[in-house]
Amino acid sequence: MTDFAPTVGVASTHPRNMPEEHAALPVWNAENWFYEDWPVGQKIRSLRRTMAEGDSHLFNTLVLDIHPYVQDQMFAESEGIFGKRLIAGAFVFSAGLGLVATNCVNAFSYGYDKLRFIKPVFIGDTIYSIRSNLDKKPRYKEMGLIRASYEVFKGEGELVLYCEHLQTVKYRNPADFVGKTEK
C-alpha cells in the first residue's frame, strides 16, 4: 500500500470574522486542499455506524418515504420477501457516503455514477465505508474533475452499496493547467 499525506483536518479556511487566534486553528473535518493535493490511489475507511430504527424513521419522515418495506413491520414480517424491515436505500447511500465525506471548501459535487444497491440493509445492521480516489483530470479553467468510489459494507465486510462520486475541485494555480483543460 502506498503511503499518502493526510488530507483530513490538516488545513482549513481562515475566516476574518472571528478572533485571529481562533481562525488560525485547523477546523475538524474541513479542509482547503486543492486539485493538486488529491492523491490518486489513496483509500480511507470510516468508523462504523449502526443503522438504528429511530434514524431510519427520521430519514423516512424527512423524505416522505412510506414504503411498507421500510415503515410497516407487519407487512415486512408477513408479506415482505426479507421477513423484516429494510433501511431505505437512499438512507444507506446518504449515511454511507457521509461516513467518509470531507468538507473541502474547494470541492463541489458534480454528480454520482454507477450507484448500485447490492444487498439489503436492515434495522440494527452496522455499516462502514471505504473511499478510493480513482482518478483526476483537468476539466475547466479554474477546476479539475476528480472521481472517487464509495463502497459501503455491513457487518464484517459484506458489500451493500457501490457508487462513484464526481467532484470539481479548484486548482491551487490555474496557470499550470492552461491548454490542458477540456473546456
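Select K43 to begin: this residue is exposed, with a relative accessible area of 51%, and the cut-off for that class is over 50%. The model on display is a predicted one. K43 is found in strand β1, which covers residues 43-45. K43 and N133 lie 90 residues apart in sequence, yet their C-alpha atoms are 6.4 Å apart in space.

**The whole chain**

Next, display the entire protein chain as a cartoon. Its secondary structure comes to five helices and six strands. Followed along the sequence, these elements give the pattern α-β-β-α-α-α-α-β-β-β-β. The C-alpha trace spans about 65 × 40 × 35 Å along its principal axes. Of the 183 residues in the protein chain, 37% are buried. The chain exposes about 10800 Å², and carbon and sulfur atoms supply 56% of that area. Among contacts between residues at least 6 apart in sequence, 70% join residues at least 24 apart.

Colour the chain by pLDDT. The average is 91, and 92% of the residues score at least 70. Which elements have the lowest and the highest mean pLDDT? Helix α1 (residues 20-23) has the lowest, at 86, whereas strand β2 (residues 49-50) has the highest, at 98.

**Helices α2 and α5**

Select residues 53-63 for helix α2 and residues 89-98 for helix α5. Two packed helices are described by the angle between their axes and the distance between the axes. Here the angle is about 110° and the axes are 10 Å apart. α2 and α5 are therefore roughly perpendicular to each other, since angles of 65 to 115 degrees are placed in that class.

Show the side chains where the two helices meet. From α2, select D55, S56 and F59; from α5, select A90, F91 and S94. The residues of this contact divide into three nonpolar, two polar and one charged.

Centre the view on S56, which is found in helix α2. Is S56 buried or exposed? Its relative accessible area is 2%, so S56 is buried, the limit for that class being under 20%. Residues up to four places away in sequence not counted, S56 touches L86, I87 and F91.

F91 leads on to the buried residues of α5, which are F91, V92, F93, A95, G96 and L97. Select these residues and then look at the elements around them. They pack against β2 and α2, and also against β3 (107-117), β4 (126-138), β5 (143-154) and β6 (158-170).

**Two residues with positive phi**

Most residues other than glycine have a negative phi. The last two stops depart from that pattern. Select L64, found in the loop between α2 and α3 (68-71). Phi of L64 is near 60°, a positive value in a residue other than glycine. L64 is exposed, with a relative accessible area of 71%.

Finally, select K114, whose place is in strand β3. What is the phi of K114? The value is near 60°, again positive in a residue other than glycine.

Conventions:
Residues numbered from 1 in each chain as written. Predicted model: local features only at pLDDT ≥ 70, side-chain atom pairs only at ≥ 80, totals over all residues. Heavy atoms only, no water. Axes fitted to C-alpha atoms, helices over the stretch in contact; angles between N-to-C directions. Helix = DSSP H or I, 4+ residues; strand = E, 2+ residues; numbered from the N terminus. Parallel < 35°, antiparallel > 145°, perpendicular 65-115°, else oblique. Contact = heavy atoms within 4.5 Å. Nonpolar A, V, L, I, M, F, W, Y, C, P; charged D, E, K, R; others polar. Buried < 20%, exposed > 50% of the residue type's maximum accessible area, 1.4 Å probe, protein only. Areas by Shrake-Rupley, 256 points an atom, 1.4 Å probe, with all protein chains shown as cover. pLDDT = per-residue confidence, 0-100.
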